[in-house]
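I opened the model to look up annotated spans, salt bridges and surface charge. My entries follow in the order I worked.

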Amino acid sequence: MNQQRFLQQLQIVLDPKKGDVKVATKILQDEYYKQPEALLFLMQIIISHDSTELKQLAATQARPLVAKQWTKLPHDQRKSARSQLFQATMAEQHSLVRHSSARLVSAIAKVDLEDGDWAELPGMLQQAATSSSADERAVGIYLLYSLLETMGEGFSDKFKALFELFSTTIRDPESLEVRVNTLLAVSKMAIVIDAEEDQASVKAFQDLFPAMVQVLQDTISNGKEEQTMLSFEVFNTLLTTEYQLMQKHFRHLVELMNQIATDKQFSDETRTQAISFLMQCVIYRRLRVQGMKMGEPLTKSMLAVVAEIVDINDDDDITPGRSALGLIDSMAQNLPAQQVIAPLLDLLPQYAGSNDAAHRRAGILALGYAVEGAPDFISTQLARILPILLRLLEDSDVSVRQAALQTTARLADDLPTDVTKEHEKLMPLLAQNLNAAMQQFKGEDEGPTIDIMRSSVSAIDSVVDGMEAHDAVQYLEKLAPLLQKLLQHPDFKIKGLAAGALGSLASTVEQPFKPYLRGSMQAMQGFITKKENEEELDLRASCTDAMGEMAVAVGRDDFQPYVQPLMQASEEALKLDHSRLKESTYILWGSLAKVYEEDFSPFLAGVVNGLFECIEQEEGDLEVQLGDSAKDLLGKEVTIAGRKVKVADAVDDDIGEDEIEDVEFDDEDSDWGDLTTVTPLALEKEIAIEVIGDVVGNTKTAYMPYFEKTISKLLPLVEHSYENVRKAAFSTLHRAYAALYEVQEESGAQQKWQSGYPLKVEPVPELEKLGDLVMTATLTSWPDEEDTAVVSTIAQSLSENLKMTGPFLIANQDHLRQVVQTVGSLITKKHPCQADFAEEELDLEDMDSTELEWLVIDSAMDVISGLAAALGPNFGELWKIFEKPVLRYASGAESLGRASACGVLSEIIVGMGDAVTPLTEKLMTILLKRMSDEDDQTKSNAAYAVGRLVEASQDSATLQKSYPTILSKLENLLTISNARCKDNAAGCVSRLILKNKSAVPLGDVLPALVNILPLQDDYQENEPVWKMIITLYREQDKHITGMTQKLAPIMMSALGEPEEQLTDEVRLELNQLVDHLKNM
């Protein structure tokens, strides 16, 4: 082997100025690394060369060669080489080389020890770890750490001796490095300790834990930033180990981290790491944090840290204030509202009323970050929140106003119905902020004026998007021209935000937007061909989004002139390699498919080809070296090359046998490993898959030539590594099944389904084959899927299909069994997606749930509703399985559970029809109690369920005796505006009258009912209301005929806009009644 040439290639890898790195790499791999002697030569470099960088490179390149080449060397050579390497490692002065060399020693030891060789090594390590020299002790412990990292379980029989050793070295009085290395080593033992099998190690670890915490504190107090970061990482790692190891000290550790996080004397990096640890606690030990009621003190502490934020627009730097906002967000999603939102709202008046603008800003900013985690709870508190929000929108400090604008947007996004009810108060303040900033603008590129304009337009967009059409129309005349004017603003972000707001305005008001369509399209048309830089491409994407919304708003005829040029521009957009523009293009196609339906067929070939090209692309692993400082970004988004990218979990850092390991001198000590990201391509695929669902569902028959190929493309994606791609794939597969059912039924090939089991109607072969494929894919993943959003999407998709396409999907008895089992595990909180890491000993059913957790349970409840709809009278057997958990929720302590249970009971009643009769007494007892619930949504759902039970049941005796109680409870409900109480109470009382009007005092009930007409929120309940009124008129009931004068304008209102107030059948009958009354 030509050692000089070998050395030259290594030097080229180190310094590209000396040659071609790719060529050198290929020579090393093809000529040298396939020879065992290469490993010896690399070891010799480590042992004897003068260059630190070359020794570092040699160590990192030698390690992956050990597994393949070490045993091929003669035993005597191996023995000599490893001994010299060990001694060189002990004597090495440069820490990076020392650590890389130690890892090489551990790789060799793993091979030799497993082969029964190098028996003297443990004694050598013991001697080094107890040496009188602090440097030798440090290296000895680091070698032990490297060995434990490489073969932890292989050392389990030596844990007792190691704990005895480490109990001394972790308190080393002379060397902080020895203490830190011991901390690292102990963490590797923790990873492999089995608490059930090795209680002695658990006890030893618990005894050592206070000293481990002291090491962290020592690194902080000594200002050793690198060692501090390593120490923090140890405690992050411990969160994923057996909980018993930290059980005795967990509360103290959380409290200590909270103290560090809030102490301004520590560095920002140290405080940020403490907050990162707390965030990981909330994720990995959520139930422990919840059980110890740590949410409230953490929320209060983090709110104080948020007040340290200097510039709310600087979201790239990782600071304590920014991290504190992230922790508040995480706690809001992972802990009950009473532990996070409630204390936050209790402090909000104090912060909002402070003389310090930083505190006013912090309070309203934190609220904005918390809303996504608990929208239902916050919706009940808006009466407290809105006066504060409105006041801060007029604050004297510009940064406070900007924070209030941002929170307005977040509230409107997550609580559109509740927030936009206050539009008359909100919109003038949003416009006031925007107009003032526009007047103050002097042509600057950045600054508070630009910031306020951006935030104002964004808030207007969100509020308008959530409004009812009749409310938004009143702002159209002033708002549309203003936004069109902003499309000419020099700031690209303002142009893009204005385009987005115009799109939302159009989407909300729909037809009244027609007079503004031409001006808006002309203002934007110039932007949809821009492609010179990132800003232009972002703007092009925003305009593409807006145009799609406008197309849906104004309809096919008015938008027709723009379709062809827009489709041409969209074809070019896909070639520009800009992820956001590609996504916007796909969404535009979905919008146009919705508008033109089967008439979109001329474009289908190109559209399908473009979508297929996206989902067929190979994804290279995009890895980003973010360094230790970004560890708290796991699960968050970062901007890479102008694109938001999600940072995924840490990956294994093993190097392939023939690969050259990259040398990162700054990170060689890091025990973290590389962070991987969700690539922009994966995000594109998610959108493309969703749009395929839109296109299939809207073009139907026209899409059939591409249908089979589409299914074959989608099926593999249900196993994609990115959860949102899996979610989109499952959703689109189920939508495709629904579309095929509609096509087959509309063509006459498929007879309409009938509820029941076994099947009364058979599916056509094409539908049966697709159903089997979809359900096989679904049931391969759903029972074990760990991502809650994917689990919820599958449940919602399956539920919708059961209600729309009947029992075909569960005709296979094994499929039905698996569906029932999975739903059962979800509603009892035993599904893998609901299990906290290693928290099996906790009774999850007795723990309060977060709103996001309830989304999963609620989606499973929806499947129960779907099963009832599909199986009809045969659902009774399954009810025996679901009855106990559902009724437990109906009587539980959590309002979300009671409301959800009452909702599913109503759906079960509707699905079973008169087969529900044997269950009448039990269900009536539960539902009557819930009609007096403290929670409005529960009361409302219970009233609807009672009405449906009265309608369906044939148990006359139970119904008859229940009427007085039902009526007394409905009297109160007819006065409650929240949660559609009035509407559901109206529907319930109407069903009571239709069933047995003699049991209802019409003279008292009808006036109260008519006073709340027409119904405003739940148009579904118009059907029983108007059927009851029409029936009474047919019977010439004196109570109703005497109210004709009052009912006449209500009838005309119901027959007017919006048309969805009435079904076609009821509209026809009501028109006939109106005509009859006119002729009387």
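**Annotated spans.** I began with residues 24-91 of this predicted model. The span is 84% helix and 0% strand. Its end C-alpha atoms lie 31 Å apart. UniProt, in an unreviewed entry, places the feature "domain: Importin N-terminal" there.

**Salt bridges.** How many salt bridges does a search of the whole structure find? I got 49. I looked up several of them.

Arg-271 pairs with Glu-308, and the closest N and O atoms are 2.6 Å apart. The two residues are 37 apart, and the pair links distant parts of the chain. Arg-271 sits in helix α14 (residues 268-284), while Glu-308 is in the loop between α16 (295-306) and α17 (320-334). Glu-308, at 26%, is partly exposed.

Next I checked Glu-921 and Lys-961, whose side chains meet at 3.9 Å, N to O. This pair also links distant parts of the chain, 40 residues apart. Glu-921 belongs to helix α42 (residues 920-930) and Lys-961 to helix α44 (residues 956-973). I noted Glu-921 as partly exposed at 46%. Lys-961 counts as exposed because its relative accessibility is 55%, and the cut-off is over 50%.

Lys-939 is buried, at 9% relative accessibility.

I also found a network of salt bridges linking Arg-78, Arg-82, Asp-112, Asp-117 and Glu-120.

**Surface charge.** Which residues gather in a patch of negative charge on the surface? I listed Glu-510, Glu-1057, Glu-1059, Glu-1060 and Asp-1064. I followed up Glu-1059, which lies in the loop between α49 (1044-1055) and α50 (1064-1078). Glu-1059 is exposed, with a relative accessible area of 53%.

**One distance.** Last, I took Gln-206 in helix α11 (residues 199-221). Gln-206 is buried, at 10% relative accessible area. From Gln-206 to Leu-773 I read 51 Å, C-alpha to C-alpha. In sequence the two are 567 residues apart.

Notes: Residues numbered from 1 in each chain as written. Predicted model: local features only at pLDDT ≥ 70, side-chain atom pairs only at ≥ 80, totals over all residues. Heavy atoms only, no water. Patch = residues over 30% accessible without salt bridge, like charges linked within 9 Å, V, L, I, M, F, W, Y side chains within 5 Å. Areas by Shrake-Rupley, 256 points an atom, 1.4 Å probe, with all protein chains shown as cover. Salt bridge = Lys/Arg side-chain N within 4 Å of Asp/Glu carboxyl O. Lys, Arg positive; Asp, Glu negative; His and termini not counted. Charge placed at Lys NZ, Arg CZ, Asp CG, Glu CD. Helix = DSSP H or I, 4+ residues; strand = E, 2+ residues; numbered from the N terminus. Buried < 20%, exposed > 50% of the residue type's maximum accessible area, 1.4 Å probe, protein only. UniProt positions renumbered as here; feature names shortened; annotations may be inferred.
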